[in-house]
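Here is a friendly walk through one protein model, in questions and answers. Have a look at it first, and then we can start with a pair of charged side chains.

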Amino acid sequence: MIKTFKNFLNKFVKDIFKKKKNLKLGLYGPPNGGKTTLANKICKDWLGEEMGSVSNVAHETREIQIKEQIDIKSNGKELSFNLVDTPGIATKIDYEDFMKTGMKEKEAKKRSKEATKGVIDAIKWLDEMEVVVVVLDSTKDPYDQVNITIIGNLQARKIPVLVVANKIDLKKSNIKKIESAFPQYGVVGISAKYGNKIDDFYKALFKLV
């Protein structure tokens, strides 16, 4: 009887701490998919402030960025998480590509070095993640080596994944192509920039966790 009561008490205490625990939710994807734009949208919606700067030049986010204790609500449910925005994953980072955007050589080399370190850090952080949102540009071919590598890594780690098909406000957007590429995961189409279908994103997030 005493043993049964102790087991009940231990489970009760564990459940309390489990409910209070904040998930680590990571945003992953290739450069310029819109990870930081989505992070900014989430932070604006629930904290009233943005998370980081965005740019048309790839690898604007070159360091891990974290916002702690984001509490979101949907249909009477609540979810708390620490949001981790990661640098864009790339298999090749060439400083000459940055120079084509108008950067000086010294600045381009510095950005290239920082971006490479950012990719390594993002991969290291995968082990810390409990839920991952993969943000893809829905106007581009999803059968890209980077996308397949990211998804493959997540699948091997058995981390819950939601795929975001971003930039649905653009004419070339093709959500179905992303759904066909990664049928093992739920896909939600949004425009992080304009907030289109963002409620669908929050609902999908609740469904995932």
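Q: Which residue forms a salt bridge with D97?
A: A salt bridge here is a side-chain nitrogen of Lys or Arg within 4 Å of a carboxyl oxygen of Asp or Glu. For D97, the closest N and O atoms of the pair are 3.5 Å apart, and the partner is K100.

Q: What should I keep in mind about the origin of these values and the numbering?
A: This is a predicted model, in which local features need pLDDT of at least 70 and side-chain atom pairs count only at pLDDT 80 or more, while totals for chains, interfaces and linings use all residues. Residues are numbered from 1 along each chain as its sequence is written, and side-chain values use heavy atoms, with hydrogens and water left out.

Q: Is K100 buried or exposed?
A: Buried means under 20% relative accessible area, exposed over 50%, and partly exposed in between (1.4 Å probe, protein chains only). K100 has 70% relative accessibility, so K100 counts as exposed.

Q: How many residues apart are D121 and K117 in helix α4?
A: Helices (H or I, at least four residues) and strands (E, at least two) are DSSP runs, numbered from the N terminus. The side chains of D121 and K117 meet in a salt bridge with an N to O distance of 2.8 Å, and K117 is exposed at 51% relative accessibility. About one helical turn separates the two because, within helix α4, their spacing in residues is four.

Q: How many residues apart in sequence are the parts that D137 and K167 tie together?
A: The side chains of D137 and K167 meet in a salt bridge at 3.2 Å, N to O. D137 lies in strand β4 (residues 131-137), whereas K167 is in the loop between β5 (161-166) and α6 (175-181), so the separation of the parts they tie together is 30 residues.

Q: How many salt bridges does the count come to?
A: Side chains of opposite charge can pair when their charged atoms come close. Among the pairs here is D97 with K100. By the rule given above, the count of salt bridges comes to eight.

Q: What is the relative accessibility of F201?
A: F201 is found in helix α7 (residues 198-208). Contact means heavy atoms within 4.5 Å, and beyond its neighbours within four places in sequence, F201 is in contact with L38, I42, V133, L162, V164, V188 and I190. F201 counts as buried because its relative accessibility is 0%.

Q: How far apart in space are F201 and L162, C-alpha to C-alpha?
A: In sequence, F201 and L162 are 39 residues apart. In space, their C-alpha to C-alpha distance is 9.1 Å.

Q: Which residue in β3 stands opposite L25?
A: Two strands pair if DSSP finds at least two bridges between them. β1 and β3 pair in the parallel sense over five bridges. Opposite L25 stands L83.

Q: Which residue takes a positive phi in the hairpin of β2 and β3?
A: β2 and β3 run antiparallel and are joined by eight bridges, with Q65 standing opposite D85 in β3. The hairpin has two residues between the strands, and the residue with a positive phi near 50 degrees is N75.

Q: What percentage of the residues of the chain count as buried?
A: The chain has seven helices and six strands, in the order α-β-α-β-β-α-α-β-α-β-α-β-α. Of its 209 residues, the buried share is 41%.
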